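This report goes through one protein structure, part by part. It covers charged pairs, strands, a helix, some backbone exceptions and a surface patch.

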Amino acid sequence: MMRTRPLKVALLGCGVVGSEVARIMTTHADDLAARIGAPVELAGVAVRRPDKVREGIDPALVTTDATALVKRGDLDIVVEVIGGIEPARTLITTAFEHGASVVSANKALLAQDGAALHAAAGEHGKDLYYEAAVAGAIPLIRPLRESLAGDKVNRVLGIVNGTTNFILDKMDTTGAGYQEALDEATALGYAEADPTADVEGFDAAAKAAILAGIAFHTRVRLDDVYREGMSEVTAADFASAKEMGCTIKLLAICERAEDGASVTARVHPAMIPLSHPLASVRGAYNAVFVESDASGQLMFYGPGAGGAPTASAVLGDLVAVGRNRITGTTGPGESAYAALTVSSMGEVVTRYHISLDVADKPGVLAQVATVFAEHGVSIDTVRQQGKDGEASLVVVTHRASDAALGGTVEALRKLDTVRGVASIMRVEGE
């Protein structure tokens with residue numbers, strides 16, 4: 001039986017995502033009411049520019065005083081899509097204090113202060129849901145938090161930023177350089193005027209922190225995530241990758257150590273075999289590969305950004321939280337019982353592709369091989385090309401720790417026969 005009193009929803013932010021949330025709430029009102037068990041009423045919209053025309057939104061609902069809105073005391077759910085750390089953090093905690101549950105898409109805030117926000121929600125008996133914070137429309141947080149709650153997740157490997165995937169895909173398929181591909185992404189609206197958050201991996205690192213925390217039941221903060229951008233990836237790197245039967249993606253990788261006692265989270269460009277499902281993810285799409293004990297390998301794929309896809313995830317949370325409000329319950333909160341150690345990047349073990357500029361003379365390969373052996377890094381393959389006294393040497397290693405590889409490269413730079421290290425790239429997905 002449907003409850004007649006509506007659930008009152010306040011919207012913080014009415015940009016690309018917020019306006020889509022408001023539109024869907026209006027156009028799908030009957031369906032949402034049937035799925036939740038009560039009508040949904042948009043009770044207020046907090047914005048910075050009140051004079052802007054917002055189609056489908058009653059101007060009487062618009063306010064610039066977000067604090068007063070969340071303090072009303074009659075709200076059931078606050079939807080936060082303004083982003084950033086402040087005032088979002090204060091508005092969310094204030095909403096809890098005044099009786100509202102919260103649906104958020106704020107990856108930066110959740111990666112930095114997720115534990116404190118969960119604690120505030122728990123203290124006041126309210127929900128904090130954030131499916132839209134990681135991969136747009138792709139259902140990912142709820143499957144990790146609920147569907148796989150009885151399984152042991154060992155690894156989460158994914159493309160979680162559409163801008164970077166579009167750029168790398170263009171470099172791979174057309175032979176374009178990094179700047180040329182970035183310019184095209186900007187012209188098409190895939191990249192912001194300042195693309196730093198995307199191309200330097202900050203966006204993906206925040207998502208990796210959230211995913212690792214949920215997957216491993218351990219608190220993982222943004223500062224725990226190793227981050228390396230993709231602005232140094234070149235056409236030559238793609239040529240080398242193709243020779244190995246690989247392509248290059250900016251990956252978020254969260255994994256449990258073999259002994260199960262620690263976890264790592266990292267974001268960086270990596271070569272992956274063309275046979276891996278992530279290699280075929282094109283354009284601005286996202287995909288996340290999950291490996292667990294019982295279910296094996298799962299892949300989640302779809303649009304990872306944009307107004308409508310992100311709003312879809314927000315509305316999914318809205319339905320779940322609305323149902324909880326009606327029944328007087330709350331959904332899953334933070335699960336950090338495992339409290340595993342979060343290890344540094346130096347302890348990560350993987351394969352490496354190293355390109356060296358060397359002198360073209362006898363004995364160079366033997367010198368280089370000796371350095372690798374002295375640092376305990378086993379070589380898988382070596383390829384050498386050269387003329388006119390100069391040569392390139394490409395070494396692909398077996399699995400080695402990042403610390404061991406770092407020591408190896410430092411020693412290689414000291415050899416008189418090594419002119420320079422052209423590139424170093426990890427090889428993942430095997």
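R266 has a relative accessibility of 0% and therefore counts as buried, a word used here for under 20% relative accessible area, with exposed meaning over 50% and partly exposed in between (1.4 Å probe, protein chains only). The model is predicted, so local features need pLDDT of at least 70 and side-chain atom pairs count only at pLDDT 80 or more, while totals for chains, interfaces and linings use all residues. Residues are numbered from 1 along each chain as its sequence is written, and side-chain values use heavy atoms, with hydrogens and water left out.

**Salt bridges**

R266 forms a salt bridge with E255, and their closest N and O atoms are 2.5 Å apart. This pair links distant parts of the chain, with R266 in strand β10 and E255 in strand β9, 11 residues apart. A salt bridge is a side-chain nitrogen of Lys or Arg within 4 Å of a carboxyl oxygen of Asp or Glu; helices (H or I, at least four residues) and strands (E, at least two) are DSSP runs, numbered from the N terminus. E255 also counts as buried, at 15% relative accessibility.

The whole structure holds 23 salt bridges. Three of them are listed here.

| Pair | Closest N and O atoms |
|---|---|
| R266 and E255 | 2.5 Å |
| E86 and R89 | 3.0 Å |
| E146 and R142 | 3.9 Å |

E86 is partly exposed at 42% relative accessibility, and R89 is partly exposed at 27%. E146 and R142 both lie in helix α7 (residues 141-147), 4 residues apart, which is about one turn of the helix. An α-helix has 3.6 residues a turn, so residues three or four places apart point the same way. E146 is partly exposed at 34% relative accessibility, and R142 is partly exposed with a relative accessible area of 26%.

How many of the residues of strand β9 are buried? In β9 (residues 246-256), 11 of the 11 residues are buried, so the strand is largely enclosed by the rest of the structure. In a regular strand the side chains alternate between the two faces of the sheet. In β9 both faces are covered: one side has C246, I248, L250, A252, C254 and R256, the other has T247, K249, L251, I253 and E255, and all are buried.

Two strands pair if DSSP finds at least two bridges between them. β9 runs antiparallel to strand β10 (residues 262-273), and 11 bridges join them; I248 stands opposite M271 in β10. These two strands form a hairpin with 5 residues between them, and G260 in the turn has a positive phi of about 75°. β9 also pairs with strand β7 (residues 153-159) in the antiparallel sense, over 4 bridges. There, V156 has C254 of β9 as its bridge partner.

**Helix α1**

Helix α1 (residues 16-27) has 12 residues, which at 1.5 Å a residue should span 16 Å, and its end C-alpha atoms are 17 Å apart, which agrees. The expected span is 1.5 Å times one less than the number of residues. Its buried residues are V17, G18, E20, V21, A22, I24 and M25. Their cover includes β1 (7-12), α2 (29-36), β2 (40-46) and α13 (307-327).

**Backbone exceptions**

Most residues other than glycine have a negative phi, and most peptide bonds are trans. The peptide bond from E86 to P87 is cis, with omega near 10°. P87 sits in the loop between β4 (77-80) and α4 (88-97).

H217 is not a glycine, yet it has a positive phi of about 50°. The residue lies in the loop between α11 (202-216) and β8 (226-227). Is H217 buried or exposed? H217 counts as buried, at 16% relative accessibility.

A339, also a residue other than glycine, has a positive phi near 45°. Its place is the loop between α13 and β13 (341-342), and at 57% relative accessibility A339 counts as exposed.

**A nonpolar patch**

Y285, M299 and Y301 make a nonpolar surface patch of about 300 Å². M299 lies in strand β12 (residues 296-303) and is partly exposed, with a relative accessible area of 34%. Patches are made of residues with over 30% relative accessible area and no salt bridge; like charges are joined within 9 Å, and nonpolar side chains (Val, Leu, Ile, Met, Phe, Trp, Tyr) within 5 Å. Accessible areas come from the Shrake-Rupley method with a 1.4 Å probe, and for residues only the protein chains shown count as cover.

Note on methods. Contact = heavy atoms within 4.5 Å.
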